[in-house]
Amino acid sequence: MKRNIINRVLLSITVILLTVYYCAGILFDPSLVIFIKPFIIPSFIAYIVMTNVNKLTLNYILFVSFFYIYQLLILFWEDSQHLFRAAMVASFFSYLSLINLGYRSIKIRKLYSIPSGFTLFILLLNCLFLLLILYILISTIGDHYLNIILVFNGIITLFLGATAVMYLSKFGDKKAYYYFFGSFALIFNDVFAAIGTYFLNNIVLNSLDRMLHFGSFYLIYLFVAEKKKADNHLIDSQPLI
């Protein structure tokens, strides 16, 4: 009974923080999100630990850790070029951990399958957006070190998109859709964030950025929490706790 109350409190805190986060960005001063954002993921992770601790695998922990570090550092990107570089590096490793989450299952299954037209269209659209944004960013930003980091981020993003497409084409179940849409929500979130930061500060883009940001994080959690089928999905690793 006590545990259930704690779980409800933690979930309520997460929902309240998310609500305030979205309202602060739309109805009030968008700068207020800098004080709210750092508390959302820890409150949700605390809820996960209390409810599904046995599902927390090494790659998921790495993804969450780098994802959170990136989100913290990116809040102060205007204050320090070094912090911005560090944020991009953390983003790279969060993508790498997410790729490994899906790739372990893909490589174990020998069945060859052809991706559907829809998934290929999403992948192509993703590639075009990324190449365009990457080209514009490199042309705009004069920091050569940051440009190198952005190139590597662009490459790892393409690999993440390809992994999501292959995962969905091989399995095609609910778990695969969580991974597919979670991955592409994360990718498009970064695209919209780049557009909003460097080119067009628009309330619609900012709202999409915020929705995709935590929407992707939640979908990846559902992917990890979804029951695995022994004959289809490889268990990523033994639970840490």
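Predicted model: local features only at pLDDT ≥ 70, side-chain atom pairs only at ≥ 80, totals over all residues.

Student: Which residues line the second largest pocket?

Tutor: The lining consists of Leu11, Thr14, Val15, Leu18, Ile40, Ile41, Phe44, Phe214, Gly215, Phe217 and Tyr218. At least two of the lining residues come from each of α1 (2-26), α2 (33-52) and α8 (203-225).

Student: And what volume does the second largest pocket have?

Tutor: Its volume is about 180 Å³.

Student: Let us turn to cavities. How many of 30 Å³ or more are found in the whole structure?

Tutor: The search finds two. The second largest cavity has a volume of about 40 Å³.

Student: Which elements give two or more residues to the lining of the second largest cavity?

Tutor: They are α2, α3 (58-74) and α8. The lining residues are Lys37, Pro38, Ile41, Tyr68, Gln71, Leu72, Leu75, His213 and Phe214. Ile41 and Phe214 also line the second largest pocket.

Student: What classes are in the lining of this cavity?

Tutor: The second largest cavity is lined by six nonpolar, two polar and one charged residues.

Student: Now the surface. Which residues form a nonpolar patch there?

Tutor: Ile148, Val151, Phe152, Ile155 and Phe159 form one, and together they have about 470 Å² of accessible area.

Student: In which helix is Phe159 found?

Tutor: Phe159 belongs to helix α6, which covers residues 144-171.

Conventions:
Residues numbered from 1 in each chain as written. Heavy atoms only, no water. Patch = residues over 30% accessible without salt bridge, like charges linked within 9 Å, V, L, I, M, F, W, Y side chains within 5 Å. Areas by Shrake-Rupley, 256 points an atom, 1.4 Å probe, with all protein chains shown as cover. Salt bridge = Lys/Arg side-chain N within 4 Å of Asp/Glu carboxyl O. Helix = DSSP H or I, 4+ residues; strand = E, 2+ residues; numbered from the N terminus. 1 Å grid on protein atoms, 1.4 Å probe; cavity = no way out; pocket = protein on both sides within 12 Å on 5 of 7 lines; lining within 4 Å. Points joined across faces, edges and corners; volume = space filled by probe spheres on them. Nonpolar A, V, L, I, M, F, W, Y, C, P; charged D, E, K, R; others polar.
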